[in-house]
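Work through the exercises below with the sequence and the model open. Each task is followed by a solution in steps.

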Amino acid sequence: MALKDIKSMTLSELCADFTDNSIEKYRAKQVYEWIKKGVSSFDEMTNISLTMREVLKRKYIFYDVQIEKKLVSRKDGTVKYLFGLFDGGFIESVLMKYKYGYCVCISTQVGCKMGCVFCATGKDRFLRNLYPSEMISQIQKIQNDNNIKVSRVVMMGMGEPLDNYDNSLRFLKLVSSEDGLNIGMRHISLSTCGVVDKIYLLAREKLQLTLSVSLHAPNDELRNKIMPINRKWSIGDIIKACRYYAENTGRRISFEYAMIDGLNDKKENALELSRLLKGILCHVNLIPVNSIDESSFKKSTTNKIREFCDVLIDNGVNTTIRRTLGPDINASCGQLRQRIMVEKEQ
Ligand code: SAH
Ligand code: SF4
């Protein structure tokens with residue numbers, strides 16, 4: 001029989017499973033307490049007898065992540081982690097420190113199929129989806145490594161969370177559960193390049209999480225050039241889905257807009273964007289694009305970004321320029337970079 005991924009299970013699922021296997025129910029709570037602490041094996045569960053540990057090892061498996069490398073920003077203490085997976089794959093996560101506490105940016109896939117031209121992950125081959133347990137583990141390993149409690153999570157690392165929908169949804173339920181890490185949905189953001197059918201599904205879950213949509217262009221002609229997914233779902237499709245999401249959940253949408261020099265940073269682009277977003281419960285985050293080796297894109301000048309921001313604000317669109325964290329460790333990362341912040345707007 002295949003081993004079950006124990007860290008992807010809820011406490012009630014584990015209780016039911018233990019009952020089915022004639023193991024006392026209280027054991028499930030004991031085991032779950034250890035899982036919550038982030039242990040990687042049954043042998044670390046010192047209040048479980050050796051015989052019971054052997055029974056459990058025959059039924060369950062731990063899909064964990066292991067710290068391979070760590071880069072600490074000397075400027076602001078942001079820490080980037082490279083994690084190794086059980087099958088030899090690698091992913092990245094980032095720990096950010098704010099006035100209000102700690103925020104972790106997690107990966108949801110190994111690589112990404114979406115191929116956005118400005119993104120380093122998009123240039124990598126897609127390998128596989130991450131399991132919910134592997135998403136949870138990124139947070140736990142970071143908590144344990146720093147002896148901290150993380151209070152916010154952003155799904156903005158490697159991969160497209162809505163292309164790994166079921167696992168991402170299960171992760172959201174586990175991470176927000178009182179039996180688990182107990183991080184409230186309002187403190188979680190999920191970022192998508194615009195997988196429209198899944199935005200509708202997510203809206204129906206009526207979760208209180210923040211949906212971030214990576215827009216990066218105010219019209220299809222421009223967006224087609226930089227984000228291949230736009231050929232499947234146009235900006236019109238995305239905006240319609242976002243309205244539905246905001247109406248169903250009462251939550252404001254966060255639109256991400258990476259400012260690329262000479263490409264999408266003109267005044268007319270800002271005017272077009274403000275017309276597009278008129279009347280939607282939303283917020284725009286302007287992010288200076290991070291140059292990657294594989295493309296020639298450069299970030300817009302600070303003045304250009306300021307002007308773009310002013311046009312949006314003058315036209316009634318709530319906009320901020322995202323603060324850059326860990327600028328000195330961006331250079332060495334696969335793709336996690338300055339973006340990411342959920343800070344002031346929430
Ligand atoms: N796949 C999801 C989430 C992961 S990417 C998405 O696309 O939204 C997280 C964010 O980083 C997205 O807003 C993405 O557009 C942005 N991003 C990717 N490469 C970037 C770069 N070179 N500079 C700035 N932001 C980038
Ligand atoms: Fe994938 Fe997001 Fe990168 Fe696009 S920006 S390639 S969707 S990770």
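**Exercise 1. The shell of ligand 2**

Task: State how many nonpolar, polar and charged residues the shell around ligand 2 has.

Solution. Step 1: list the residues around ligand 2, where a residue counts if one of its heavy atoms lies within 4 Å. They are Cys-112, Met-114, Gly-115, Cys-116, Cys-119, Gly-122, Gly-159, Glu-160 and Cys-193. Step 2: apply the classes, in which Ala, Val, Leu, Ile, Met, Phe, Trp, Tyr, Cys and Pro are nonpolar, Asp, Glu, Lys and Arg are charged, and the others, Gly among them, are polar. Step 3: the shell has five nonpolar, three polar and one charged residues.

Some conventions hold throughout. The model is predicted, and local features need pLDDT of at least 70 while side-chain atom pairs count only at pLDDT 80 or more; totals for chains, interfaces and linings use all residues. Residues are numbered from 1 along each chain as its sequence is written, chains are lettered from A and ligands numbered from 1 in the order in which they are written, and side-chain values use heavy atoms, with hydrogens and water left out.

**Exercise 2. Strand β4 and its neighbours**

Task: Find which strands are joined to β4 by bridges, and in which sense they run.

Solution. Step 1: locate the strand. Helices (H or I, at least four residues) and strands (E, at least two) are DSSP runs numbered from the N terminus, and β4 spans residues 79–84. Step 2: take the β3 side. Two strands pair if DSSP finds at least two bridges between them; β3 (residues 66–72) is joined to β4 by six, in the antiparallel sense. Lys-70 has Tyr-81 of β4 as its bridge partner. The two strands form a hairpin with six residues between them, and Gly-77 in the turn has a positive phi of about 80°.

Step 1: take the β5 side. Six bridges also link β4 to β5 (residues 90–98), again antiparallel. Here Phe-83 is partnered by Ile-91 in β5. This hairpin has five residues between its strands, with Gly-88 in the turn at a positive phi of about 95°.

Step 2: check the cover. Buried means under 20% relative accessible area, exposed over 50%, and partly exposed in between (1.4 Å probe, protein chains only). Five of the six residues of β4 are buried. In β5, Glu-92 is buried too, at a relative accessible area of 8%.

**Exercise 3. Strand β11**

Task: Describe which way the residues of β11 point, and whether they are buried or exposed.

Solution. Step 1: β11 covers residues 210–214, and five of its five residues are buried. Step 2: Thr-210, Ser-212 and Ser-214 point one way, while Leu-211 and Val-213 point the other way. Step 3: β10 pairs with β11 in the parallel sense over four bridges, and Thr-192 stands opposite Val-213.

**Exercise 4. The faces of helix α11**

Task: Explain why the buried residues of α11 line one face of the helix.

Solution. Step 1: α11 (residues 302–314) has 13 residues and reaches 18 Å from its first C-alpha to its last, close to the expected 18 Å; the expected span is 1.5 Å times one less than the number of residues. Step 2: Ile-305, Phe-308, Cys-309, Val-311 and Leu-312 are buried. Step 4: the face turned away from the buried side carries the exposed Thr-302, Asn-303 and Asp-314. Asp-314 has a relative accessibility of 67%. Its C-alpha is 31 Å from that of Met-155.

**Exercise 5. Loop residues**

Task: Where does Arg-322 lie, and with which side chain does it make a polar contact?

Solution. Step 1: Arg-322 lies in the loop between β14 (319–321) and α12 (327–330). Step 2: Arg-322 is buried, at 4% relative accessible area. Step 3: its side chain makes a polar contact with that of Glu-256 at 2.5 Å. Such a contact is a pair of N or O atoms within 3.5 Å; within protein, one must be able to donate a hydrogen and the other to accept it, and residues adjacent in sequence count only if both atoms are side-chain atoms.

Key: The arc is that of the directions from the helix axis to the C-beta atoms.
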